[in-house]
Amino acid sequence: MASRFLAPTMSILVGILLLFVHTSPVGAAGEVYKDPNQPVEARVQDLLQKMTLAEKIGQMTQLERENMTAEIIKNNFIGSLLSGGGSVPKTNATAKDWVDMINEFQKGAMSTRLGIPIIYGIDAVHGHNNVYKATIFPHNVGLGASRDPDLVKRIGAATALEVRATGIPYAFAPCIAVCRDPRWGRCYESYSEDHTVVQQMTELVTGLQGDAPSGYPEDYPYLGGKTKVVACAKHYVGDGGTVKGINENNTLIDWKGLLDIHMPAYPDTIRKGVGTVMISYSSWNGKKMHANYDLVTTHLKGVLKFKGFVISDWQGIDRITYPEHSNYTYSVEASINAGLDMIMVPYNYNEFIGILTQLVQKNYVSMSRIDDAVARILRVKFVAGLFENPYADLSLADQIGSKDHRELAREAVRKSLVLLKNGKNSNSPLLPLPKKSGKVLVAGSHANNIGLQCGGWTITWHGTPGNNYTTGTTIFDGIKSTVDPGTKVIYRNNPSDKFLKDTKFDYAVVVVGEVPYSETQGDNLNLTIPQPGLDTVQTVCKNIKCVVVLISGRPLVIEPYLSDMDALVAAWLPGSEGKGVADVLFGDFPFTGKLPRTWFKRVDQLPMNVGDAHYDPLFPFGFGLETHPAAAAKAQ
Ligand SMILES: *[C@@H]1O[C@H](CO)[C@@H](O)[C@H](O)[C@H]1NC(C)=O
Ligand SMILES: *[C@@H]1O[C@H](CO)[C@@H](O)[C@H](O)[C@H]1NC(C)=O
Ligand SMILES: *[C@@H]1O[C@H](CO)[C@@H](O)[C@H](O)[C@H]1NC(C)=O
Ligand SMILES: *[C@@H]1O[C@H](CO)[C@@H](O)[C@H](O)[C@H]1NC(C)=O
Ligand SMILES: *[C@@H]1O[C@H](CO)[C@@H](O)[C@H](O)[C@H]1NC(C)=O
Ligand SMILES: *[C@@H]1O[C@H](CO)[C@@H](O)[C@H](O)[C@H]1NC(C)=O
């Protein structure tokens with residue numbers, strides 16, 4: 001015990017000293033910034049004072065990978081690259097394709113005068129979701145239903161391994177939005193309408209980045225080595241509070257409301273050492289967050305003591321002006337002076353670099369502002385170990401979609417399911433379903449479709465229906481492999497009334513829901529179950545005892561149809577492991593999920609959140625029936 005305790009303690013102490021204490025002068029031959037034994041802050045200052053304005057502005061520039069070359073990176077001293085949603089080296093790219101691409105870009109950066117490595121970032125928001133055959137975890141709304149921060153932390157650790165496997169050290173996650181209106185197209189990226197649930201789920205940060213050892217300075221960015229990735233708390237701040245849930249719109253709320261509802265998770269992520277914060281497209285009381293000095297500089301960097309770097313959203317600064325990009329000079333000046341450090345440009349680097357250079361030369365942007373931005377970017381790069389390990393290798397390639405990660409995703413699916421109704425009356429529960437039956441119907445558009453059960457941000461930006469985009473098990477696959485071998489399971493997408501009357505089924509599992517979407521494309525004012533899903537529910541449930549499994553990023557209108565259903569399960573957007581749904585339907589595991597959101601009766605009630613004066617939900621926040629394995633055993 002003693003020796004096991006002593007060794008890490010010693011290395012922690014050394015590590016902490018290295019951050020701040022300038023231990024020894026460096027000989028003429030060595031350069032402080034290249035010396036991993038020097039304190040991070042000394043390395044930052046040493047490198048910063050060696051840099052030209054062009055080298056500094058390059059660090060502040062983040063570009064999309066498409067059409068990008070090592071040459072462009074080298075000539076413009078580019079500091080960062082990203083993959084936008086669905087931006088991949090090629091269809092079905094392997095870990096090697098990714099690593100080769102990123103190493104090639106890195107060569108450009110490492111061949112510059114000072115050899116400052118790029119940091120490559122990607123939206124890994126429910127697993128490493130752009131990557132073929134990666135494990136796709138439930139979207140955040142489902143994880144919110146689990147109320148299990150440790151599960152979320154383990155998902156973060158698994159995601160970090162898969163992201164690193166492709167040579168990427170930086171993930172744009174977690175989204176800590178507090179979605180206050182399900183009409184918002186990003187509501188599924190939010191863990192809950194309740195900030196305390198969102199705060200608990202900031203454990204994703206420690207999963208992605210690792211746990212800072214005790215004694216590590218609070219509020220200082222942390223990264224636990226080559227199996228971890230830099231995280232990004234987003235979108236600062238108030239993204240989930242916009243009018244009618246309109247994406248990127250205006251959050252109308254007073255200062256106290258902003259602090260009480262939308263802000264609380266940020267200090268949690270900062271305390272956990274989050275490396276970066278992304279700014280929200282939205283406005284707060286009419287002021288664009290991308291140009292908000294008070295919130296970015298005074299509050300985030302000042303009051304909350306955030307020491308990592310602040311990054312814009314994709315073309316986020318372009319949208320400071322209306323029409324978009326109508327005065328880019330204004331956009332650059334307003335955003336950099338508000339305190340943004342890195343800009344996700346992501347294409348026209350000539351324009352961004354040219355304008356920012358001129359703004360500095362004409363003193364519209366001060367050199368100290370540039371130095372603050374670059375120091376923060378370098379700090380994160382040093383902490384991330386990029387100077388010591390700029391190139392990726394294939395040592396983690398087998399982590400992508402590994403058996404362990406898929407098991408973890410399946411556990412997450414089980415814990416995310418919320419049982420809303422079980423039986424037409426409380427004396428006749430339908431769930432858990434018996435494994436041994438004659439004939440079972442599985443119906444609905446979403447029952448046998450990986451793309452639909454994964455939702456948006458899966459392989460492509462908006463997500464894509466179908467079973468050929470990536471690998472996993474559908475809910476239908478899961479049911480087939482769970483029931484007794486003697487039970488006959490038949491699948492029909494949208495069976496006819498005649499078929500249902502002619503065939504004797506013991507019961508039906510109907511799986512319907514939303515079609516994949518992301519961001520603005522997902523904004524929706526009616527929140528109805530898309531056709532033919534609704535018809536399928538009504539036709540099947542009229543004929544056969546049915547459990548409806550709803551695949552959706554948010555509560556939908558169900559009140560008028562609820563009485564037709566014998567049982568109802570909210571499965572959110574479960575991801576690649578459909579077997580997790582069958583695990584619970586058939587009682588191998590209990591239902592434990594609790595609503596992370598209020599389930600409304602009618603859209604004209606929206607917005608309606610727990611604690612509101614006019615609260616009149618169909619199912620309240622926190623609702624969720626339970627089943628018990630003991631009951632399952634009896635039922636079989
Ligand atoms: C990349 O290059 C191709 C071929 O020239 C072009 O069609 C495409 O629009 C370019 N993409 C971007 C983002 O510039
Ligand atoms: C909010 O959306 C409305 C309607 O689309 C639009 O006119 C308005 O400019 C938007 N406001 C902001 C701050 O984006
Ligand atoms: C664009 O913004 C700059 C300053 O940010 C301002 O000086 C200039 O007048 C603006 N141009 C137009 C066309 O509005
Ligand atoms: C990608 O993989 C899927 C199978 O998962 C296959 O159907 C498809 O043809 C592949 N596409 C390409 C371009 O390799
Ligand atoms: C999947 O199949 C569809 C329809 O056959 C096809 O359009 C699409 O390109 C395929 N996707 C991949 C990744 O091969
Ligand atoms: C509901 O809204 C969505 C998004 O605007 C739209 O595509 C769909 O057609 C609407 N559905 C109904 C039934 O109005």
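## Ligand 3

An oxygen atom of ligand 3 lies 3.2 Å from an N or O atom in the side chain of Glu333. A second side chain in such a polar contact (a pair of N or O atoms within 3.5 Å; within protein, one must be able to donate a hydrogen and the other to accept it, and residues adjacent in sequence count only if both atoms are side-chain atoms) is that of Asn327, where the separation from an oxygen atom of ligand 3 is 2.4 Å. The residues around ligand 3 are Asn327, Tyr330 and Glu333, a residue being near a molecule if one of its heavy atoms lies within 4 Å of it. Taken alone, ligand 3 exposes 360 Å², of which the protein buries 33%; accessible areas come from the Shrake-Rupley method with a 1.4 Å probe, and for residues only the protein chains shown count as cover.

## Basis of the model

The model is predicted: local features need pLDDT of at least 70 and side-chain atom pairs count only at pLDDT 80 or more, while totals for chains, interfaces and linings use all residues. Residues are numbered from 1 along each chain as its sequence is written, chains are lettered from A and ligands numbered from 1 in the order in which they are written, and side-chain values use heavy atoms, with hydrogens and water left out.

## Disulfides

The structure holds two disulfides, each defined as a pair of cysteine sulfur atoms within 2.5 Å. With the bonded cysteines of the chain numbered in sequence order, the pairing is 1-2, 3-4.

Cys179 and Cys187 are joined with their sulfur atoms 2.1 Å apart, and a torsion of -105° about the S-S bond makes this link left-handed. Cys179 has 0% relative accessibility and therefore counts as buried (under 20% relative accessible area, with exposed over 50% and partly exposed in between; 1.4 Å probe, protein chains only). Cys187 is likewise buried, at 1%. In the disulfide of Cys541 and Cys546 the sulfur atoms are also 2.1 Å apart. The torsion about its S-S bond is about 100°, so the disulfide is right-handed. Both Cys541 and Cys546 are buried.

Cys175 is buried, with a relative accessible area of 3%.

For Cys232, the closest cysteine sulfur belongs to Cys175 at 9.8 Å, again too far for a bond. Cys232 counts as buried because its relative accessibility is 0%.
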